[in-house]
Amino acid sequence: MPRLPRLRIGVLDELAKQLRFAPRETLRRQLERTEHLAAEIDPALNYPEDWLVFRITGYRQEIDAPAVVVGGALLRELSALVERLSAAAGLTERDLNRERVLTLPELRARWRVSAKTVERYRRRGLIARRIAGERGRAYLVFPLAAVERFEAAGRERLDAAAGFTRIDGALRARIVRQAAAYRRRLGWSLNRAAERLARRYSRGHETVRQLLKAHDAKAPRPIFGEPGPPSARERRLIDLAHWRAIEPGEVAKRLGRSSAAVLRITNDERAKRLRTLVARAGALAARGGERKKAAPPRAAAPPERLPLGAPGGGDLLELIATVRDAQPLTLAVERAIAEEYRRLLDGAAAAIRDLPEHGARAQRLDAAETDLRLAARLKAELVRSQVPLVVRTLAATLGRPLEEVRGSVLLPLVMASIAAVGAAVEGFEPGKGGRLAGPAGLAVTRLATRFVREHSAELGRGPGRARAALRLGTGVILPDWTRSVEPWQSWEGRAWLELDAAARRGMGAIAAKPRRVLALRHGIGGRPRTLAETARDLGTTGMAAARMERRAIRESRRAGPEAP
């Protein structure tokens, strides 16, 4: 029996697991509800989790912070959900009304399309049920009502597919000859030649691409001579080149691959890193899409009016003197920032779970990455607002001004306190009332109390020890903690979704336009922008903006002074 399809959307996967033990008649009703739902989904809209659960089960579940599913991704999964529910209900041929269903051969004959085309239609919302046939062999049937709804919604698409003719030998030879000419005269890659020929002959891009690849695999003298699937070493090299902002075209030339292939591998690696956030305990999943008790977002934070991207480190003695009497954020601003932070985590977690295993689009990756950048910036501002509280709480717990504590003792305590405030931000729920200062102050007090108990000798609190004054001098540097408040700001010891230290040091030494590109993309002085938003701000295309960003990163790294 063929394996059941995998559900990649967490909401539907969890629902299928919960429903597999439901009574048979209940499952059949939910099958019908899901079939009707598929006809109503708009790929361009987003749908909340609680609404989907209600439409499928009829049960209105109260979810404080429901996940959001993109309509296009939902359509691709609904047929797989129906197949799983059919298997759970144990549908057999005895359950069929033969006049109300079509088998796969009957549907192909009705629409005059191939089996692969039917499979593509299933990813666009065509529903199929799984039936256990003789000797337990499973096969698919298509409810006539679902077929008719699909026909009504996409008649032009079906007519075009029915009028499709296969590529015969003469057309195949003509495509191969023209691809060879493109390669010989213009130096085009296989992908670019396939794209041009697909438009010319009104064929699918992937169809022509596979045709040319099949020709090269058998030909004694391949036209393009592209290698096979990339090795693990090649994938690591391509990913490293992306980290170093090397142009994809240069990487492709070095490896003998097309630029499109290099970009596909780069995007696969980006998606893989993002998925680790949803899977890793204590990271995005715990604070974003899997959190059920969060208050729904009510108001967007005003990031444009905040000093987003400002560094958080510097001389520790100067920091203590500067922040001691700083004014806290107002209640309205603090709540707005906290709610926007939670909303961004929820949205990013949902978007990452919907990413396909391979072939994720660069725009979707960039949108998720930009949301994570903004979330890190907002969290940094919430932590920054509590630094005066950290200074006052540490002084009260230690029983002396912080200027009277040796730098080698105070520095790790301040860094640990800032990390404790960051953990308090993650658990802070503005919808329940209260201020962040409550959990933040409690966390710092606990940390400082334990520190005093474990380091009493170093703090001069033991019997007969004299209290030394003014032992903290200048030159004790607190690292820039704003670049390490979230796990997605570094990966395997390198900056991730952040400018590395050399690029940040060199930003001031490069020209105004590339400096602005980096500021827009990385949220320095304002909200981080996606590549598309950056392109609009600069009056250029997304591809040109991407090249400008890579060039700006390389220039700023070269211009950055050596670290002290």
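Let's start in helix H9, which spans residues 169–186 and holds Ala179. Keep in mind as you look around that this is a predicted model. Is Ala179 buried or exposed? Its relative accessibility is 0%, so Ala179 counts as buried, the cut-off for that label being under 20%. Leaving aside residues up to four places away in sequence, Ala179 touches Leu197, Leu212, Ile223 and Phe224.

Now turn to the strands. Strand E5 (residues 138–143) pairs with strand E3 (residues 101–103) in the antiparallel sense, over 3 bridges. Within this pairing, Leu102 has Phe142 of E5 as its bridge partner. E5 also pairs with strand E4 (residues 129–132), again in the antiparallel sense, over 4 bridges. Here Arg129 stands opposite Val141 of E5.

Our last stop is a pair of helices. Two packed helices are described by the angle between their axes and the distance between the axes. For helix H18 (residues 362–385) and helix H20 (residues 407–427), the angle is about 120° and the axes lie 9 Å apart. H18 and H20 are therefore oblique to each other, and H18 passes H20 in a right-handed crossing. On the H18 side, the contact is made by Lys379, Leu382 and Val383, while H20 brings Ile418, Val421, Gly422, Val425 and Glu426.

How values were computed
Residues are numbered from 1 along each chain as its sequence is written. This is a predicted model: local features need pLDDT of at least 70, side-chain atom pairs count only at pLDDT 80 or more; totals for chains, interfaces and linings use all residues. Side-chain values use heavy atoms; hydrogens and water are left out. Two strands pair if DSSP finds at least two bridges between them. Helices (H or I, at least four residues) and strands (E, at least two) are DSSP runs, numbered from the N terminus. Buried means under 20% relative accessible area, exposed over 50%, partly exposed in between (1.4 Å probe, protein chains only). Contact means heavy atoms within 4.5 Å. Axes are lines fitted to C-alpha atoms, for helices over the stretch in contact, and angles run from 0 to 180 degrees between N-to-C directions. Angles under 35 degrees count as roughly parallel, over 145 as roughly antiparallel, 65 to 115 as roughly perpendicular and the rest as oblique. A crossing is left-handed if the near helix is turned anticlockwise from the far one by less than a right angle, and right-handed if clockwise.
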